[in-house]
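Here is a short tour of a protein model, written for someone meeting one up close. Keep the picture beside you and look for each part as it comes up.

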Amino acid sequence: MYDFFFVLFPRYLPSLLEGTVMTITLSILSMAASIACGLLVALGRMSRFRLVRMVLNAYVEVFRDIPLIVQLLVIYFSLPQFGISLPAFWAGVLGLTLNLSAYLSEVFRAAIMSIDKGQREAGLSIGMSAYTIQTRIILPQALRIALPTMGGYFISLLKDCSLVSFIAVNELLRKGTMIIATTFKSMEVYMMVAIIYFVLSFVASRIVIRIERKLTPKYLLEELRRGNGAAHAGGR
Amino acid sequence: MDRHDDQIVVRIEGLRKEFNGVQVLKGVDLSIRAGEVAFIIGPSGGGKSTLLRCMNFLETPTGGTIKFRGEALCHEENGSIRIKPESAIRQARAKMPMVFQHFNLFNHRNVLQNVIEGPVRVLKQDREKAIGEAQEILRSLGLSAEMEKYPAQLSGGQKQRVAIARALAMDPEVILFDEPTSALDPELVSGVLETIRVLAQKGRTMVVVSHEMGFARSLADQVYFVADGVVRESGPPDHLFNNPQTDQLKRFMSSILR
Ligand SMILES: Nc1ncnc2c1ncn2[C@@H]1O[C@H](COP(=O)(O)OP(=O)(O)O)[C@@H](O)[C@H]1O
Ligand SMILES: [Mg+2]
């Protein structure tokens, strides 16, 4: 026990922390990209053009029906056969983003559709353009509704980043595995990796809650307090 | 155009609307003059809301003409309807805003923001100027104390008066009201009616769908009785209410007054 905390941990920590930074970087990049893409996909799926809807529906279906790890392997190992070859890191970001965007687009679509149609009509009735209505009226309300669910997905994402180790990105889990390869201390090192993941998720979920509190306006707090926090679906 | 026609703000001729093959409006004619308060009454499902929503182009007419200030927003050509481009429709809406039964205030904006949203985003007014004018309007409607509140914090009557303020802020030529008091608790109805009465006294042109017959009688210049998708009867309120011509209007009045 003493050895674990005061000898081995300090010895391996710098290397594991490098992996942690990589995990965080992957998560934040993929999350930001997924919010943007997910929103575009959500809007596209409500487009009046049938072809756009069909293509995007197919995209969401495909990426939800294949395990993330398989998607990552395909992007990293199979795409080069077709002349698309990405560095491991960007293959990871791409895979995570394509996957999460599919899920977030569902979240955004549900949130947008939950906005009463009277909101849109009120905008129209005073001469607002469709664009103004979307950006000033619908999306600000929809995003606030989607916020808790988005937070849940971010926590999931932090953990899902461990899958990227399979395509040789030096994130936390892979760093651990590499240490084990030279030291054979699998029991201790996996335990350290687990502890770091726990701390990471724990801190992240506290931060997410704070952001939610900050961004939730007065008019919604009232409703949430009454227990209508139905949006708290969390990860997958 | 004779002198009389100059004063017509909205002229509707042969307006038709169908939903999935069902004719809901079957050729409605009516004209709204400047400064006039027109009431639309009639049984539920008769097409009153659809008529108002067509005027605001929340519904797209399937036939007929709607002229606003002499400009045809839609008309028929070779048997099919032609609608003006989106930008022209938006301009018309800004000058002919609608007040809804269920208020439809922007939930995520406070009262003042609700009122300035149109002037700033649609009329491209300077924000400070818009705020000044919005405060003036809200004050005149007795809402000075509510400016920072969110819709969820208001009573139904206050919400509807904010919705009226939002319409007034557009500096409209006509305001359309679709049953503005139907969603209100009984004790809140009179406040909103009083607000509308004051607007009428100031010479506002308004089209009001309402079941408040006493109110219609005391305020209307013209009353249109709409049933089964057509204007069955129209005229000044005394005339219409004292001498209903059709059985349908007689039955409607007795059902309402009962
Ligand atoms: N969006 C719609 N789709 C299909 N039918 C509609 C729609 N809106 C209204 N209707 C139908 O049109 C008729 C007139 O409705 P409405 O204009 O709301 O009447 P009113 O306001 O006089 O009660 C009703 O039979 C209603 O069911
Ligand atoms: Mg109606």
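Two residues are in contact when heavy atoms of theirs lie within 4.5 Å. Keep in mind that this is a predicted model.

**How the strands pair**

- Strands of a sheet pair through backbone hydrogen bonds, in either a parallel or an antiparallel way.
- Strand β3 (residues 37-41) of chain B runs parallel to strand β9 (residues 206-209) of chain B, and four bridges join them. In this pairing, B:A38 stands opposite B:V207 in β9(B).
- β3(B) also pairs with β10(B) in the parallel sense, over four bridges. Here B:I41 stands opposite B:F225 in β10(B).
- β10(B) and β11(B) run antiparallel and are joined by five bridges. They form a hairpin with two residues between them, and B:D228 in the turn has a positive phi of about 50°.
- β10(B) is mostly covered, as five of its six residues are buried.

**A closer look at B:V231**

- B:V231 belongs to strand β11 of chain B, and B:V226 stands opposite B:V231.
- Is B:V231 buried or partly exposed? Its relative accessibility is 22%, so B:V231 counts as partly exposed, given that buried means under 20%.
- B:V231 and B:D185 are 46 residues apart in sequence, and their C-alpha atoms are 30 Å apart in space.

**Helices that cross**

- Two packed helices are described by the angle between their axes and the distance between the axes.
- In chain B, the axes of helix α4 (residues 111-121) and helix α6 (residues 156-168) come within 7 Å and cross at roughly 30°. α4(B) and α6(B) are therefore roughly parallel to each other, since angles under 35 degrees count that way.
- The crossing of α4(B) past α6(B) is right-handed. B:V111, B:N114 and B:V115 in α4(B) meet B:V162, B:A165 and B:R166 in α6(B).
- In chain A, the axes of helix α1 (residues 2-44) and α6(A) come within 11 Å and cross at roughly 145°. This crossing of α1(A) and α6(A) is right-handed.
- Among the residues that make this contact are A:M31 and A:I35 of α1(A) and A:L143 and A:M150 of α6(A).

**A serine in a chain A loop**

- A:S162 is found in the loop between α6 (130-160) and α7 (172-183) of chain A.
- With a relative accessible area of 17%, A:S162 is buried.
- A polar atom of the A:S162 side chain lies 2.6 Å from the backbone oxygen of A:K159.
- Leaving aside its neighbours within four places in sequence, A:S162 is in contact with A:E171, A:L173 and A:Y197.

Technical notes: Residues numbered from 1 in each chain as written. Chains lettered and ligands numbered in written order. Predicted model: local features only at pLDDT ≥ 70, side-chain atom pairs only at ≥ 80, totals over all residues. Heavy atoms only, no water. Pairing = 2+ DSSP bridges. Buried < 20%, exposed > 50% of the residue type's maximum accessible area, 1.4 Å probe, protein only. Polar contact = N/O pair within 3.5 Å; in protein donor to acceptor, adjacent residues only side chain to side chain. Axes fitted to C-alpha atoms, helices over the stretch in contact; angles between N-to-C directions. Parallel < 35°, antiparallel > 145°, perpendicular 65-115°, else oblique. Left-handed = near helix turned anticlockwise from the far one by under 90°.
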